[in-house]
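Please look first at the sequence and the model shown here, and then read the report that follows with both in view.

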Number of protein chains: 4
Amino acid sequence: MPTKKKPTATSRPERRPELLAIAAEVFAAQGYDATTVRRIADEAGMLAGSLYHHFDSKESMVDEILSTFLAGLRTTYDAVLDAGLGPRETLEALVTESFRHIGRNLAAAAIYRTEAAHLATRPGFQYLAEARPVLERALRRTLERGVADGVFRAGLDTRLTGRFVRDAVWGAAAWGPTGATDAPDELARPYLALLLDGLAPRP
Amino acid sequence: MPTKKKPTATSRPERRPELLAIAAEVFAAQGYDATTVRRIADEAGMLAGSLYHHFDSKESMVDEILSTFLAGLRTTYDAVLDAGLGPRETLEALVTESFRHIGRNLAAAAIYRTEAAHLATRPGFQYLAEARPVLERALRRTLERGVADGVFRAGLDTRLTGRFVRDAVWGAAAWGPTGATDAPDELARPYLALLLDGLAPRP
Amino acid sequence: MPTKKKPTATSRPERRPELLAIAAEVFAAQGYDATTVRRIADEAGMLAGSLYHHFDSKESMVDEILSTFLAGLRTTYDAVLDAGLGPRETLEALVTESFRHIGRNLAAAAIYRTEAAHLATRPGFQYLAEARPVLERALRRTLERGVADGVFRAGLDTRLTGRFVRDAVWGAAAWGPTGATDAPDELARPYLALLLDGLAPRP
Amino acid sequence: MPTKKKPTATSRPERRPELLAIAAEVFAAQGYDATTVRRIADEAGMLAGSLYHHFDSKESMVDEILSTFLAGLRTTYDAVLDAGLGPRETLEALVTESFRHIGRNLAAAAIYRTEAAHLATRPGFQYLAEARPVLERALRRTLERGVADGVFRAGLDTRLTGRFVRDAVWGAAAWGPTGATDAPDELARPYLALLLDGLAPRP
DNA sequence: CATGAATGAGACTTCATTCAT
DNA sequence: AATGAATGAAGTCTCATTCAT
């Protein structure tokens, strides 16, 4: 997937990702609107004005953070969907990879979860609205395939179920560093067990 | 002797809750920080300064919205937990009542879901941090009881499961008016079916 | 239901002077600009808007307070100057009556001392600028008479001395209630002793 | 004593004191509350918001003006009191140095005289209340020493006299630029003559 | 007379952003 | 690349004042 944005402001490649990581951390901690450019600069050990040698604007920072995050996510999902797996294995892979991507980019994921809906209304951020149903749709289709194949329970409301799964997965983005970073697979496994077999003991 | 006010024709039965509802709508739609007091006033058909006749500050508006919402939620949970139900029925009631409360107060719920984490760091909003684990804890304990009673699967990670359920339920607060308002019970039933029995068909 | 004819709630038909006294107290304590109309109303047990049944504006309140105070002062000075006293007795009377007037109208005096210079620049308050040199001028002329008569020391700088005396006298307006109210004559006597005879012991 | 500035080309040797001087002038002329930040900025040739690059708030401007002024005053008094002078010389030095300090910092002195009492009630300005009795106390003690030594008249009410002297001296801060700036010693000498020897001619 | 709601102007302050050095 | 000063637009909030009830 091609990068949509060339760095417009002059930048030395080393510093840029570093600054973005710092910015992501602050955005995640305080919220995008509540974060001041000065606070990011403080955290980076420079003055507010100096940030503009690296980025065009505060908006371009979230933009880059979120579009990078989402591009990676989409790539991951595409790989899963193109792998020719059965419905159950596809579902497991979608869930597992989601937890992994979130765990690897916790700040970006938290920003996405909290701010995307509001940011999506601003010009230049439509891609956020477009990205939102991606996981949901992949899940729904996988569920439909599974129901058709008899791998998943007949009569399943695939639309609602897709949403429930998506929300449960993304919820982990808000658990904070202690919850989701270290071992994303230790979230995926129990979640999948619950999702597939339910709470009630099998007879 | 001060007589009770008895407004005759143009009775204004408390403008306050009306204004709070408007404010909640705008906060939910745009985010707390991105919402200007003027926008709320516009929506209410008055000038920005006039709002301060009814409220101390913008902060006090979210405060009242959220604390009212959470007080109702806690009351509901307490009623469920005190009803003497078995674990499975308690779980069903917690989920069902959560969807109902969210559906009845969609704007407040959306604000809570999106802003609570950031607002909780401000002085005077500690109660948000305290309220956060309430549903999770109620769920976890119910799950523990259920596991002990053999109603729920043995070996369940009750801590993680509590969180997954909470996130799936609260996720609906972000579905927008078309998703969760109309028939909360039509969310609760399929969700509980999924949660209890899982995706996989029973043998 | 109260009686029709008499304004009952308060047996006082004239609320006005009472309200002015309250306003003067608050102006003196907080400063004119820092005083809100609402604060005055609070102190008077009514709502801010209700004050406008008695006064045209906040400005008209200070106006009435200060012009009343100054009219009384001028009357007093005129009486002293018209009494046909000698220079020394005139000086004593001016000082004594000043302390008395200040002591009797402490709040108004404090407002005058603190706010007059700034208020005088506003339209409608020119009389404040005109009133300012009244005591100084009376003092200076009395001093000049006294020097001519040999009652006061030859070579006295009457302009400076007039100012020094005025400032010492008006300074008491800022001493607070414990300093100047109770016994103005117990200020006048020692001050006059000091002024006439000085600190140094007579040989 | 202000050092001559030696600007090279466009040397900006600290804009801060310059801005403080401007602010002091405006505060003195209009009163603290009546002064708008915009007015100060206008006078300084910048926009209101730009002032906040140099100062935290309007309050912090008066704060710095007054605390600097009072620190200098206290230093001066301490030097006088530690000089080992006799009572009469101490008194003369206190009065002379007061007139000088006031004359050198007329705007700050005027602000102090007019606003200190009201400002002192705000948090962070307690030092104003503490600084107020400093001159009075120094004067009273010097007077007491003088009475004990027989340099000053026996039976003197030192408390009242201290206040009278303080008020006469500080009064000059309100005389305006034409009165007290140019030659503070030409105020001190006649005032001391009056204070020591009184109005009445010596026999 | 008093109330309670609302107005409208303006105040202080914040902040993203620019630009000469 | 970075600094420090400044801009300009907004935003929250205050307050004197008005007016129908």
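## The surroundings of DNA strand E

In this predicted model, 28 residues surround DNA strand E, and the closest are Tyr52(A), Ser50(B), His54(B), His53(C) and Tyr52(D); a residue is counted as near a strand if one of its heavy atoms lies within 4 Å of it. The residues of the surface near DNA strand E divide into 9 nonpolar, 15 polar and 4 charged, where Ala, Val, Leu, Ile, Met, Phe, Trp, Tyr, Cys and Pro count as nonpolar, Asp, Glu, Lys and Arg as charged, and the others, Gly among them, as polar. Of the atoms of DNA strand E within 4 Å of the protein, 67% belong to sugar or phosphate, while the rest belong to bases.

| Residue | Part of the residue | Distance to a phosphate oxygen of DNA strand E |
|---|---|---|
| Val37(A) | polar backbone atom | 2.8 Å |
| Tyr52(A) | N or O atom in the side chain | 2.5 Å |
| His54(B) | polar side-chain atom | 2.6 Å |

For residues 36–55 of chain A, an unreviewed UniProt entry lists a "DNA-binding region", and such annotations may be inferred rather than shown by experiment. Over residues 36–55 of chain A the chain is 40% helix and 0% strand, with the end C-alpha atoms 14 Å apart; helices (H or I, at least four residues) and strands (E, at least two) are DSSP runs, numbered from the N terminus.

## How the copies are related

Chain A is superposed on chain B, with an RMSD of 0.1 Å, by a rotation of 179° with 0.0 Å of shift along its axis, and that is the relation of a two-fold axis. Such superpositions are made by least squares on the C-alpha atoms of residues with pLDDT of at least 70 in both copies. Of the residues of chain A, Gly198(A) comes closest to the rotation axis, at 1.9 Å (C-alpha).

## A residue in chain C

Thr114(C) is placed in helix H5 (residues 106–119) of chain C. Is Thr114(C) buried or exposed? Thr114(C) is buried, because its relative accessible area is 16%, and buried means under 20%, exposed over 50% and partly exposed in between (1.4 Å probe, protein chains only). The side chain of Thr114(C) reaches the backbone oxygen of Ala110(C) at 2.7 Å. Leaving aside its neighbours within four places in sequence, Thr114(C) is in contact (heavy atoms within 4.5 Å) with Thr114(D) and His118(D).

## Notes on the model

Residues are numbered from 1 along each chain as its sequence is written, and chains are lettered from A and ligands numbered from 1 in the order in which they are written. In this predicted model, local features need pLDDT of at least 70, side-chain atom pairs count only at pLDDT 80 or more, and totals for chains, interfaces and linings use all residues, while side-chain values use heavy atoms, with hydrogens and water left out.

How values were computed: Polar contact = N/O pair within 3.5 Å; in protein donor to acceptor, adjacent residues only side chain to side chain.
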